[in-house]
Amino acid sequence: MQCHQDQEALIPRPRGALPKACAAALFAVTMGVVLFLSPERLFGWVGMVILTLTLGPLLHGVCLLAEEMLYHSNTRKMNVAHGLAWSFYLGYLRLVLPRLEESIAAFSATHQASKLGRGSRKLLILVPLNANISHKLEDEDDRISFFDNLPNNEIDRAGVRGRVYKHSVYRVLDEQKKAHECVVEYATPLLTLYSMSQETSAGFGEPERRQQVLLFYRTLQDILEHSLECRNRYRLILLNDEHEDDPNFLSKALLRHLQQQEKEEFFLPPQQEMGQQFDSSLSAPPSAPPMNGEWHNPEPMSREPTLMFSLERPQPLREPVENTDIYPGRI
């Protein structure tokens, strides 16, 4: 009972009818005084009151509009997407991305037929510009099919013991019907943006929604680029809705990003390979013989600085001794 009373004391109560009653009483007294002192000017005062009641709110609204346009227009567009991006990072990505590599390794160990290559060891996050998200990727593209889920990650979160976080693995077919597997999902906060645009009370139309999606993408990208926990564990994919007429647009976009990150991260051009071989030859021990023009060093030497201590006892300094045997005539 005491706790309930404390909560009622903290929560502000709504305004009652007392201010309205006081205003009505004050208005009645004022009109009575005016009618008693100068009855002939009553109609002038009534007209002045009506003009004040109508013109006052109009001028107040104009002032508020000017203030919004000058000081708050950019911040109030930013608040929605900015907050959603930080919430998506702090409440989800920062928790699951550090465990992604371990989950993929456990998945590959239990699925021998899996084709999760080196280029698909990241979480592909889809960000469509129209914010229209399908709950099943296979409904968007017939070349995409659900394969299986990664092992669940259970994290104690906000009083929930063992809250489950999971990712889904999809198979994507290319034009040669070759399957490529990847971990992919939509950015969940876009569901909020799309739902807000469908509610008239939110005052959030389609042009504002598109702008918010772009701001969400830019903010999330900036956050993840500065996050040490999520670095090299994700890939943001911005989907342009101008290609909705292509039924295989989504699969082509996924394959393009998979091939791109495969080449960028694991392909070394010949010049870079020669440079690395040259560096390894410099760090190889002298006893490593060259074979076929190349240095083979299974374990490159560490470049970390180390301290070396001598076990010999320090020797006293000696004065240089002149050798008089060579020139006997000199002392």
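## Buried, exposed and in between

A residue is buried when its relative accessible area is under 20%, exposed when that area is over 50%, and partly exposed in between. Trp-86 has a relative accessible area of 35%, so this residue is partly exposed. Tyr-89, at 7%, counts as buried. The model is a predicted one. In the protein chain, 28% of the 331 residues count as buried.

## The chain as a whole

How many helices and strands does the protein chain have? Its secondary structure comes to eight helices and seven strands. Take the contacts between residues at least 6 apart in sequence: 66% of them join residues at least 24 apart.

## How confident is the model?

The average pLDDT of the protein chain is 76. A score of at least 70 is reached by 71% of the residues. Which element has the highest confidence, and which the lowest? Strand E1, residues 123-128, is highest, with a mean of 94. Helix H8, residues 270-283, is lowest, with a mean of 44.

Two stretches call for caution.

## Regions marked in the record

The UniProt record, an unreviewed entry, places the feature "transmembrane region" at residues 21-37, 43-66 and 78-97. What does the model show over two of these ranges? Residues 21-37 are 100% helix and 0% strand. Their end C-alpha atoms lie 24 Å apart. Residues 43-66 are likewise 100% helix, and their end C-alpha atoms are 35 Å apart.

Is strand E6 enclosed or open? Seven of the eight residues of E6 (residues 179-186) are buried, so the strand is largely enclosed by the rest of the structure. Cys-182 is buried, with a relative accessible area of 1%.

E6 pairs with E1 in the parallel sense, over four bridges. Here Leu-124 has Val-184 of E6 as its bridge partner. E6 also pairs with strand E5 (residues 168-173), this time in the antiparallel sense and over five bridges. Val-172 has His-180 of E6 as its bridge partner. The hairpin of E5 and E6 has five residues between the strands. In this hairpin, Lys-177 takes a positive phi near 65°.

## Aromatic rings

A pair of aromatic rings is described by the distance of the centres and the angle of the planes. The count for this structure is six aromatic pairs. One of them joins Trp-86 and Tyr-89, with 6.0 Å from centre to centre and 75° between the planes. This pair is edge-to-face. Why are the two residues about one helical turn apart? Trp-86 and Tyr-89 are three residues apart in helix H3 (residues 42-96), and that spacing is about one helical turn.

Phe-88 and Phe-216 have ring centres 6.3 Å apart and planes at 40°, so their pair is tilted. Phe-88 lies in helix H3 and Phe-216 in helix H6 (residues 206-225), so the pair ties together parts that are 128 residues apart in sequence. Both Phe-88 and Phe-216 are buried. Together with Tyr-92 and Tyr-165, these two residues form one aromatic cluster.

## Positive phi in two loops

Ala-131 is not a glycine, yet its phi is positive, at about 60°. Ala-131 is found in the loop between E1 and strand E2 (144-149). Asn-232, another residue other than glycine, has a positive phi near 60°. Asn-232 is found in the loop between H6 and strand E7 (234-239).

Are these two residues buried or exposed? Ala-131 has 0% relative accessibility, so it counts as buried. Asn-232 has 60% relative accessibility, so it counts as exposed.

## Cysteines

How many disulfides does a search of the whole structure find? The search finds zero. Cys-230 has 0% relative accessibility, so this cysteine counts as buried. Cys-182, in turn, is buried at 1%.

Definitions and conventions
Residues numbered from 1 in each chain as written. Predicted model: local features only at pLDDT ≥ 70, side-chain atom pairs only at ≥ 80, totals over all residues. Heavy atoms only, no water. Disulfide = S-S within 2.5 Å. Buried < 20%, exposed > 50% of the residue type's maximum accessible area, 1.4 Å probe, protein only. pLDDT = per-residue confidence, 0-100. UniProt positions renumbered as here; feature names shortened; annotations may be inferred. Pairing = 2+ DSSP bridges. Phe/Tyr/Trp six-rings, centres within 6.5 Å; stacked < 30°, edge-to-face > 60°. Contact = heavy atoms within 4.5 Å.
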